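Here are my comments on the structure you asked me to look over. They are set out as numbered points.

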Amino acid sequence: MDEYAGRLNNFYNTIGLKRLIFPPKLFYGPDALSFLIDQIPASGAIVIADSFLINNETFASIRKKIDANVFYIYNEPRYSDIDAILSKTDRNKPPSAIVAIGGGSTIDTAKAVKAFYIYGKYQRIGYEDRNISTVMDAKTLPLIAVPTTPASGSECSRYYLIFDHDGNKTVSRSWNLIPDYSVLVPDFLKNYPAKAAVLSAFDAFTHMYETLICRNESSPITNEFSYIGINAVIGAMHQIDKDRPEILPGELIEKLQLSAAIGGLVLSNIRTGMIHHAAEQMSSQVKLSHTMSLIVFCDTVMSFYSAPCADKYKKMIGRIREEGTNTISDIQDIIDLWNRLFDHYGISEELRKKMSAVKIDIKTLTEKVFSDRTWVEKESPVPLSFADVSSIVSSSVGRYKK
Ligand SMILES: [Fe+2]
């Protein structure tokens, strides 16, 4: 049995026993691009890249230095995309490395390909077959992740999402599939639109916020990581709110890249919470991007937990102020900062239009959100009644319906 797919995957922090696993070797900074090129074997690697990189200069400079098969990702990955990549690789001769350059979907695709080599399958690893064995030593097939968005944290997380043949999202997880190297290359975020940066940063913020407030699973060490990452995100958003740029200022790139990576670290070790679960459940009723659906629930959830999370909020705000963002005095200031940015960049309006165009069945959505018993009974900062969930869901959705 593989410990990293089995026992460790199903370990949860308790009050009495905490865990921190952080296997990726994380590299970042202005010289990260040349470091990355040195890490990729000169031959025999496969590169899985986001299709927007086809004409990208930085990507071209990497390709020039290595002899590797390149597979482009055009949409959120499906089983058929993974099968298509595998059909063009030699099952009996694994690549010298798998390099993923792109957003969360691209890195997730690379994890699925690596899963196939080391487990002989890639579907629902860590869930359906908890005693799965490896057919190849994971360490002999390095996975190098290079994120081009500072959002999902996939570059530092053990999870990956792939759509099955029927279009349903499937989740897998294994500590064996966390990237061996995570290289944050700032060059890929040059000319990154500020609107996209706000959306990306909000996803990363939510990962850190939700792990921080877990009642039993949160741990002092992951909380520290969350405080550091949240502080960096809020500092960056404060600057964007002040200057309202069209393009992400260069000096904020590293801050946001590191925050997203920290988000991946903490969510791998703890879990996300009600905001992610509610957003996920709503996706069957309204088609929104991952981050847009988080926006719907975040304000209400953050306000709801003001009393039970008073100590954590106080510490979080103290850290933000210590680092110089002294316009933030309470949780409402954080909520207002995000909302000003969403309004300025047209995100709120877009969300209202999409939410108003469909009928949302609040009762079904509430029942689905309430079905996450681990959150409702165990990890929510206070246990939630059906009436609590119903009130959070209806006021969240109501805010965006015209
Ligand atoms: Fe997320």
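Predicted model: local features only at pLDDT ≥ 70, side-chain atom pairs only at ≥ 80, totals over all residues.

1. The protein chain contains 15 helices and 8 strands.

2. On overall dimensions, the C-alpha trace of the protein chain spans about 55 × 45 × 45 Å along its principal axes. For 402 residues a compact globule would have a radius of gyration near 21 Å, and because the protein chain has 21 Å, the value agrees with that expectation.

3. Of the 402 residues of the protein chain, 48% count as buried, and, among contacts between residues at least 6 apart in sequence, 79% join residues at least 24 apart.

4. Six strands, written in the order β1-β8-β5-β4-β2-β3, make up an open sheet of 6 strands with parallel pairing. The edges are taken by β1 (25-28) and β3 (67-73), each of which has a single partner strand, so one side of each is left without a neighbour in the sheet. From one strand to the next, the twist averages 20°.

5. An antiparallel pair is formed by strand β6 (residues 159-163) and strand β7 (residues 169-173), which are linked over 5 bridges. Y159 has R173 in β7 as its bridge partner. The hairpin of β6 and β7 has 5 residues between the strands, and there G167 takes a positive phi near 85°.

6. How do helix α5 and helix α7 pack, and at what angle? Helix α5 (residues 194-213) packs with helix α7 (residues 250-269) at an angle of about 35°, the axes being 8 Å apart, and α5 passes α7 in a left-handed crossing.

7. The residues behind that packing can be listed for both helices: from α5 they are A197, S200, A201, A204, H207, M208 and T211, and these meet L256, S259, A260, I262, G263, V266 and L267 in α7. Sorted by class, the contact of α5 with α7 comprises 9 nonpolar and 5 polar residues, with no charged residues.

Methods: Residues numbered from 1 in each chain as written. Axes fitted to C-alpha atoms, helices over the stretch in contact; angles between N-to-C directions. Helix = DSSP H or I, 4+ residues; strand = E, 2+ residues; numbered from the N terminus. Left-handed = near helix turned anticlockwise from the far one by under 90°. Contact = placed C-beta atoms within 7 Å. Nonpolar A, V, L, I, M, F, W, Y, C, P; charged D, E, K, R; others polar. Rg over C-alpha atoms; globule rule 2.2 N^0.38 Å. Buried ≥ 20, exposed ≤ 12 C-beta atoms within 10 Å, placed from the backbone. Pairing = 2+ DSSP bridges.
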